[in-house]
Amino acid sequence: MPRHSFSPGTRFMVNDNEYIIRKVVDLDIEVENLFYKKVEIWHIEDLLKKWVTGDLMFRLNNGGEELLKGPPLNEMEPAKKEAALYRYKILKPILEYEVQTTTELFSYLEDQDPPISKSTFYNWLKKWNQTGDVRALSDLKRGPKKRSTKQAVLDIIDEVLKEYEYRGEKFATETIYSEVSLRIKEDNKFRKAEDKLKPVSRSTIHRRRMENLDQHKKDKEKKGIVQANLNRDGVKQEVFVSRPLERVEIDWTRLDVMLIDSTDLKPKRPWFVYAIDRFTGYPLGFIVTFKPVNAGVLKQLLLHIIMPKTYIKKLYPLVKNEWLAYGIPSTIVVDNDSVNDSYEFEDACYQVGVKDVQFCTVGAGHQKAAIERAFRTLNTYLVHSLKGTTFSNIFEKGLYDSERKACITIEAFTYMAHLVMVDLIANSYSSRRGNTPNEIWNKGIKENEHLSLMIPRSVKDLKLLLMEGSVVRTIQPQGVQVENEFYYSRELIELKNELEKNNLSREVRIRFDTSDMREVYVYDRKNNKYIAAQQTGMKRKEIDIERPVPFIRLEIISKTYNHNKNKVDPTLRAEVRRNVEQLEQDSKKEVNSYKKYMDKERKKASDYVGIALGSEDNDVPENEEIKILKKERSNSKKSKGKKNGNTKTETKEESTSFETKEIIVYPEVDELPTYNVNYKKG
């Protein structure tokens, strides 16, 4: 059985990924992932655990695996098994150093029956050194010793590989094979029949590529000169630090887990912004957010780094230990990224007392190796064991449905991260540093007592400088509003009255700490100062104001209110309005109809000019006839006859006249008004 060790040049497989060991420093092993072309740092204990569980398997170099493709020794053909054991018997004295000098070796080979040539012996020894397995000593079918491919074909392959391999883009093997085949076909058009080139196989192209590939040249085009040199040369020099807070490294990454966004209950991959002390390995602060990382998020992280973590016992009672690390760093190291390389963040660092802000060279993650290792530790201790994890690559994930399994909110994950960082990472033994981060921190602070006082003069000034939240609002009689929550103070209302008195805009800039929304600060531009305003309605919303209220809590409540508002059918108002309009039209028709009726009745009454009632007192003798005078309309038309054979009719304007006739009407008794008389029917 082959024997292996974790030494430079050793290759091994983990979950279908091939690695090669580049450097060993104490118990930390620097390896290169040959599949992703990525440099990683592994602890030897982690590698041994994977080897014990069968997840790690060593690779054999220089074609050694080809020698072991046969069956196990006990299943070999008797002749091959006998040959393998015989050759191992010959090699054994040399392997056990019984034969040491060259003279002794040559004499030993000549004494065998039959004698063994030196070339044969060294061929057996080479196979043993490649594999360390007796099976490699059995007879194998030999292939051709010379390359059968013509040089002209090899030149075409080299030309295509040179064009495609170093362009930065990734081309499939089939693309290169197709191009080579086409160029051979085009070349054969100008050759005689006996001199034509034969088609080439894909395996020949692959072998030629592996023989001539300049990986450093390829890495320069794809990853940049810094990362290419790092892949080729390794890390030549480690950054030296001698005390806590001398060098703080900041980085961020997408977490390998799907968390539930409480604002919409959808699973998402959050950003994790992390800061660690290079000297002690102690976590200094972190931010978990679904929003893109910007200068505001980095300033909020800087606030977490500097502030003492006195909230631990109150907010996270399951955390057993104190989070001791806090203070103003001397140097902050961040990626050379457009988010980081901003005047806003850099200026904030200098204002709080950070002496130097260093931006790593593009692609040079090794310049902040501590934070890179910290991310791997966090993944190992927490992230990859959670429900909803996405694992580190697609091969590990397999068919695992991360979105369906996701069930952890961002608030719960924040609690978990505190548990892991304070109780586990800060108190775990570091073989590289020789103690736990907690003990190294305490010792470093005792030896550098001035570090324990490295906090700004005023926490209010610090928060105002580093607060992430910033919005513009209008001062109302209730105060200012942020996420449907009003903030009020008497001084704020006095500012509103003063602005109104001077006919100035009531719009103001509001600053707030996204980790605690119980208080906001309103900028008074006239007096150049900030006015504090306190919440007014959190108790009504059943929010515990004895503890810090994160911004996301208000955001959730606000979105819940909006969601409930949106659940109301938006067509309801239109339906009611339509019904109101219908009733309005029906009422209008009814009124118009009544008006027509009344007009008709009034017209009937106007057709009677008088009633003979017998006397001025309207006392009509019994059984008297009633005489009613009624208007009658008469129309007259004049027309002219034919003139000159043409028929022409002239109609004068219709004249209307009224003639008063005396008629006797005998109405129905019930239809006439009552005048204390009896009516007589005719």
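Over which residues does pLDDT stay under 50? In this predicted model, that stretch is residues 645-658, for which there are 24 contacts beyond four places in sequence; contact means heavy atoms within 4.5 Å. This is a predicted model, in which local features need pLDDT of at least 70 and side-chain atom pairs count only at pLDDT 80 or more, while totals for chains, interfaces and linings use all residues. Residues are numbered from 1 along each chain as its sequence is written, and side-chain values use heavy atoms, with hydrogens and water left out.

**Confidence**
- The protein chain has an average pLDDT of 76, and 71% of the residues score at least 70; pLDDT is the predictor's confidence in each residue, from 0 to 100.
- Residues 660-666 also have pLDDT below 50, with 15 contacts in the model beyond near neighbours in sequence.
- Where pLDDT is low, the predicted coordinates should not be read in detail.

**Helix H17**
- Pro437, Asn438, Ile440, Trp441, Gly444 and Ile445 are buried in helix H17 (residues 437-447); buried means under 20% relative accessible area, exposed over 50%, and partly exposed in between (1.4 Å probe, protein chains only).
- These buried residues fall within an arc of 165 degrees seen down the axis of H17, so they line one face of the helix; the arc is that of the directions from the helix axis to the C-beta atoms.
- Lys443, Lys446 and Glu447 are exposed on the other side of H17.
- The packing partners of the buried residues of H17 are strand E9 (271-277), strand E10 (283-289) and helix H16 (410-425).

- Ile29 belongs to strand E3 (residues 28-33) and counts as buried because its relative accessibility is 1%.
- Not counting residues up to four places away in sequence, Ile29 touches several residues, including Phe6, Trp42 and Leu47.
- His304 lies in helix H10 and, at 14% relative accessibility, counts as buried.
- Leaving aside neighbours within four places in sequence, His304 is in contact with Leu284, Gly285, Phe286, Lys309, Tyr311 and Trp323.

Note on methods:
Helix = DSSP H or I, 4+ residues; strand = E, 2+ residues; numbered from the N terminus.
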